[in-house]
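Student: I am new to this structure and would like to learn how to read it. Please take me through some features, with the general idea before the case.

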Amino acid sequence: MSAPITPLVEPVVPVPSTAPAASAEVLRPHAEAAFAGELAALAAQDDRPRPERWRMSPWAVATYLLGGTLPDGTVITPKYVGPRRIVEVAVTTLATDRALLLLGVPGTAKTWVSEHLAAAVSGDSTLLVQGTAGTPEEAVRYGWNYARLLAHGPSREALVPSPVMRAMAQGMTARVEELTRMPADVQDSLITILSEKTLPVPELGEETQAVRGFNLIATANDRDRGVNDLSSALRRRFNTVVLPLPESADAEVGIVARRVGQLGRSLDLPPAPGGIEEIRRVVTVFRELRGGVTADGRTKVKSPSGTLSTAEAISVVTQGLALAAHFGDGVLRPADIAAGLLGAVVRDPAADRVVWQEYLETVVRERDGWQDLYRACREVAA
């Protein structure tokens, strides 16, 4: 008769996060550091029921994501701009025993939402597995310190827990980015974790059992269909929430303007006069090209191979701000965004260049007030 399986890691109650406040030296602070003040204010005024080991209630988590004003006047900035119901479903899923899969085209803020959900729920967004074609099974389950393994054999001291294993033991939220980029056999190593809430370690005859509070957020994008499709067994372990592209141009302009402002401050870029006008132009170009029709619905246009996402619009405008600040007069002009537009649209040098040239000649050239953008784009393309 085999020996009984004993817990590998005793349940650990996570202590409050000791993550330092965002440092001016850090280029991209984690969410729990960058928004530590907002998280603390929400937790202090949150008197609603909290699931086991959650830092705040589901209502407070949704407020942190969507923004609002607290009774004491503290303003919570929105981290995600979109349908409220989507955020509520995502937060509610994490309060159950079902894992959460955030699905959408590239640039719909899946990673951003995943990070902020983990920061609000557990106070730590760093228990992360990055999915790639080379991600090994050890990244999801556990690995070994081979020096100790060779010297003393399999032991607890030689075992190296994965972020998922640590989250299970501490009742926290783990994250898996780009799940469909991972090989199918690595994906399926999550099945036992998500269904049985346990991670066996047969080498030691032991296991890690998930304590209350544990859950997992995975992200995947629609463009990866057919790369490493999820098995039906694994997909059943997730509640899927689809993050859509912004519904309106005004909403997308607001998202881009807010993120560009945050990035500009972190990069010490001065605010550029005229920025909102150029942001609206970039958003309009992206929406028309990815939608295949102009905003007025009168002219059909060809779509390029790229996604032309909101994230790429943010990148184009941020690059333009840097050009205006360092090589211009500080005013964001069409010449500052033209190169970024070309680089974002023309991913396939042959097919996409034709699409871009046709759009310039049939739409940009003929649109009132856009002649300066037309000239700047033609100069860059030449």
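Student: Which elements each supply at least two residues of the lining of the largest cavity?

Tutor: A word on the source comes before the terms. This is a predicted model, in which local features need pLDDT of at least 70 and side-chain atom pairs count only at pLDDT 80 or more, while totals for chains, interfaces and linings use all residues. Residues are numbered from 1 along each chain as its sequence is written, and side-chain values use heavy atoms, with hydrogens and water left out.

On a 1 Å grid over the protein atoms alone, a cavity is a set of points where a 1.4 Å probe fits but cannot get out, and lining residues have an atom within 4 Å of a point. Helices (H or I, at least four residues) and strands (E, at least two) are DSSP runs, numbered from the N terminus. Here the elements in question are helix 4 (84–94) and helix 5. Helix 4 gives the most, with three residues.

Student: How many cavities of 30 Å³ or more does the structure hold, and what lines the largest?

Tutor: There is one of 30 Å³ or more. The volume of the largest cavity is about 50 Å³, where a volume is the space filled by probe spheres set on the points, and points are joined across faces, edges and corners. Its lining includes Leu65, Tyr80, Ile86 and Val241. For class, Ala, Val, Leu, Ile, Met, Phe, Trp, Tyr, Cys and Pro count as nonpolar, Asp, Glu, Lys and Arg as charged, and the others, Gly among them, as polar. The cavity lining has ten nonpolar residues, no polar and no charged.

Student: What is the volume of the largest pocket?

Tutor: A pocket is an open set of points with protein on both sides within 12 Å along at least five of seven lines. The largest one has a volume of about 1,200 Å³. It is lined by 45 residues, and those closest to its centre are Arg28, Trp112, Arg259, Gln262 and Ile314. Helix 11 gives the most to this lining, with eight residues. By class, the lining has 24 nonpolar, eleven polar and ten charged residues.

Student: Which residues of helix 14 are buried, and what do they pack against?

Tutor: Buried means under 20% relative accessible area, exposed over 50%, and partly exposed in between (1.4 Å probe, protein chains only). Nine of the twelve residues of helix 14 are buried, so this helix is largely enclosed by the rest of the structure. They are Pro334, Asp336, Ile337, Ala338, Gly340, Leu341, Leu342, Ala344 and Val345. These residues pack against helix 12, helix 13, helix 15 (351–364) and helix 16 (371–381).

Student: How far apart are the end C-alpha atoms of helix 13?

Tutor: The expected span of a helix is 1.5 Å times one less than its number of residues. Helix 13 has 18 residues and should span 26 Å; its end C-alpha atoms are 25 Å apart, which agrees. Its buried residues, Ile314 and Leu321 among them, pack against helix 11, helix 12 (275–291) and helix 14 (334–345).

Student: Is proline 49 buried or exposed?

Tutor: Proline 49 counts as exposed, at 69% relative accessibility. This proline lies in the loop between helix 2 (36–45) and helix 3 (58–66). Contact means heavy atoms within 4.5 Å. Leaving aside neighbours within four places in sequence, proline 49 is in contact with Ser57 and Pro58.
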